[in-house]
Protein chains: 2
Amino acid sequence: MKPYCERTKEELLQERQNLEAKFEDAKGKGLKLDISRGKPSAAQLEISRGLLDAVNSESDLKCENGLDCSNYGMMDGIPEAKKLFADLLEVSPENVIVYGNSSLNIMYDTVSRSYTHGVMGSTPWCKLDRVKFLCPVPGYDRHFAVTERFGIELINIPMKSDGPDMDLVEEYVNQDPAVKGIWCVPKYENPMGITYSEETVKRFAALKPAARDFRIFWDNAYALHHLYEDQQDALPEILSECEKAGNPDMVYEFCSTSKISFPGAGVAALISSRANLEEARKQLAIQTIGHDKLNQLRHVRYFKDADGVREHMKQHALFLRPKFETVLDTLEKELGGLKIGSWIRPRGGYFISFDALPGCAKAIVAKAKEAGLVLTGAGATYPYKKDPQDSNIRIAPSFPTPEELALATEVFVLSVKLVSIDKILGNME
Amino acid sequence: MKPYCERTKEELLQERQNLEAKFEDAKGKGLKLDISRGKPSAAQLEISRGLLDAVNSESDLKCENGLDCSNYGMMDGIPEAKKLFADLLEVSPENVIVYGNSSLNIMYDTVSRSYTHGVMGSTPWCKLDRVKFLCPVPGYDRHFAVTERFGIELINIPMKSDGPDMDLVEEYVNQDPAVKGIWCVPKYENPMGITYSEETVKRFAALKPAARDFRIFWDNAYALHHLYEDQQDALPEILSECEKAGNPDMVYEFCSTSKISFPGAGVAALISSRANLEEARKQLAIQTIGHDKLNQLRHVRYFKDADGVREHMKQHALFLRPKFETVLDTLEKELGGLKIGSWIRPRGGYFISFDALPGCAKAIVAKAKEAGLVLTGAGATYPYKKDPQDSNIRIAPSFPTPEELALATEVFVLSVKLVSIDKILGNME
């Protein structure tokens, strides 16, 4: 297809007329579609139903150390749940604390604890004039929101094809003692689906932070969330890399089963050095009598072991793969060659990231809404919801049915085309 | 029995000799007993097992508004869980946010939020030179620990038979703007089992705090935890009392099903004014994607309604009542008239509070340990673990079997007697 930018005004006006007719058609359907959040579909959740029987009234409620999961105790998790997370993330159970249902909550609490109590004896961040966090962009809105809530200054770090721009990361981290952390989704990251390369991971591990309370917030949310059995991204294990590089305490790794079992009813974990976990436990011992151990037991009894989880993930992929392909194939077919947008074909995760012509993202989201399609708000993938290029849009294909998703993608590409034509025509004037 | 303090030295020495023989007997049994924490017994927990089948793989996972409890959403709880808590605590569902498994966690987060972000626009407590909390004593160690962690100054308020010394509370709250809160367990309180009188509640509601960000932390942990069907304490509903007194936003009420269903696998709630909940929701929206709604659904499906919970509590009482009576009857029989200790006969809750002769509590706890009995650490019921009288000991009769508890109480009274004799003899010299 001939790129829009190479077409004449007349050609563009003609194209616009055709597209508008199609768009009006779509609008007339009274659609109510939503590809804004990374939610599994109702059908996809059915595959985890067996979990609900894994602990029942006939079950032995003791975990492997003989303690009763239905009573108080074992504040930092039951042994077999620690082992399951350890096996999945390639660490030792000693590096795991099992929490409640939400890894985001662990991240929030970790930032909040650093703010109120510092990190291993450092000055509490609330007592500092400036605290900065690095934010690879585009990235996950909820990460940015956590640090924004604590008045932390958020600094954009552009993503490259193999991870964040490490030259820039090194410059900030190694030189500025106000830089206390960086948000990372290292595998099938949100929203682009990129996995950090081995070199990127090693450069992370080899950072020489100016601040001794600098920590990498390594949100390994999609560690096991492959779309293809035969094409899987691999990510080096970060704890051992940091240890090898002489930075054993530099990373907090977070994960959960929210997109393995049930969103909101899964189990989350913090994975870090013994010293970091010791500090987390000091908070835990004051904060709670412990997390839901019956739900931990439920998960371990159901999945049995790491292989059990990996097998389960193949079933999730059966739902997700065709949805990703629907969107990606449509983008390719409808937008390929037009030079009005770019995207990456991820091999896992929950998102597709679309970069429109600069200055078009908000207009595309608004246009799509006219036809009943809800997209993630433009700018959401940037700190303070400010995309400096107004270009990035996150697409979450998981929730709609395949039929709805096909319609949604159709509305999306129409919206992209119409807004892009207007932009190009505007530039001609 | 003749009070020890009225006996001659010779009589006391003789008594000591008899007691020591019995104590050596007990020691010889190699006991391993624990009456230190308010944990339900294994047998008691069996009564809640049906809960584990209430949501299973065949269940409809939609709650009454048609939304799917197994997916993201409904951050502040499912409607029927809000209603259940509302009915139990005599408020409206609009006054309820349902959280995860731990009310202590809600309390911690509430203090932490006030520390980092203030209360409805007030200066964050971390920016203030002094923040004070009132602590009715003896009280709950974990409350005190939460505020201690944030460097808040803890002030002892003596408990009277109908609640905290309200003259003192009024003086502090109404005059000192550094006083930001008070920890209350208003019903069958920990450790004495006292329920606040109607007058006390009304005086709480009518406080005129010098600090506009003063809040009552009303931990209604034992609201439904009666020992007797025909002798139940009644507590006026605090939200409506505060509203009537012109202080609609002055109270946060906390509760959970930890001692209704399963400790650690229950559901907790925050009950407060709409404005306070609005502020809590702002934090929640950043902190988590929501709590475990399947566990909320499990509880509602199992208990059905408030009456279902109340019926269930009668089964708990069947286990607890004889245990309380074992301890109380033994105290009466063995210590009555000796004037070496006092206690109250509670009608609910999980604890019995024992006041030894001043300066004896630590020694009694140590003595009991010699014979294999673990008691709550002396001083634990006071802020900073400092009981100024070294007098109070908390007894938690719920966990041991009846046979173990009988032995434990025997060791306890022997320890009390021996330590008291030594104390009195020491005073004679």
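Me: How many nonpolar, polar and charged residues does the lining of the largest cavity have?
Reply: By class, that lining has 7 nonpolar, 18 polar and 4 charged residues. Here Ala, Val, Leu, Ile, Met, Phe, Trp, Tyr, Cys and Pro count as nonpolar, Asp, Glu, Lys and Arg as charged, and the others, Gly among them, as polar. This is a predicted model, where local features need pLDDT of at least 70, side-chain atom pairs count only at pLDDT 80 or more, and totals for chains, interfaces and linings use all residues. Residues are numbered from 1 along each chain as its sequence is written, chains are lettered from A and ligands numbered from 1 in the order in which they are written, and side-chain values use heavy atoms, with hydrogens and water left out.

Me: How much space lies in the largest cavity?
Reply: About 400 Å³. A cavity is a set of points on a 1 Å grid over the protein atoms alone where a 1.4 Å probe fits but cannot get out; a pocket is an open set with protein on both sides within 12 Å along at least five of seven lines, and lining residues have an atom within 4 Å of a point. Points are joined across faces, edges and corners, and a volume is the space filled by probe spheres set on them.

Me: New topic: how much area do chain B and chain A bury between them?
Reply: About 4900 Å², 51% of it on carbon and sulfur atoms. Buried area is the accessible area (1.4 Å probe) that two parts lose on being put together, summed over both. In chain B, B:Tyr72, B:Arg149 and B:Ile286 lose the most area to chain A, together 15% of what that side buries.

Me: How many residues does the contact take from each chain?
Reply: Chain B gives 57 residues and chain A gives 57, with contact meaning heavy atoms within 4.5 Å.

Me: What about helix 9 of chain A and helix 5 of chain B, which residues meet there?
Reply: A:Lys282, A:Gln283, A:Ala285 and A:Ile286 meet B:Arg142, B:Ala145, B:Val146 and B:Arg149. Helices (H or I, at least four residues) and strands (E, at least two) are DSSP runs, numbered from the N terminus.
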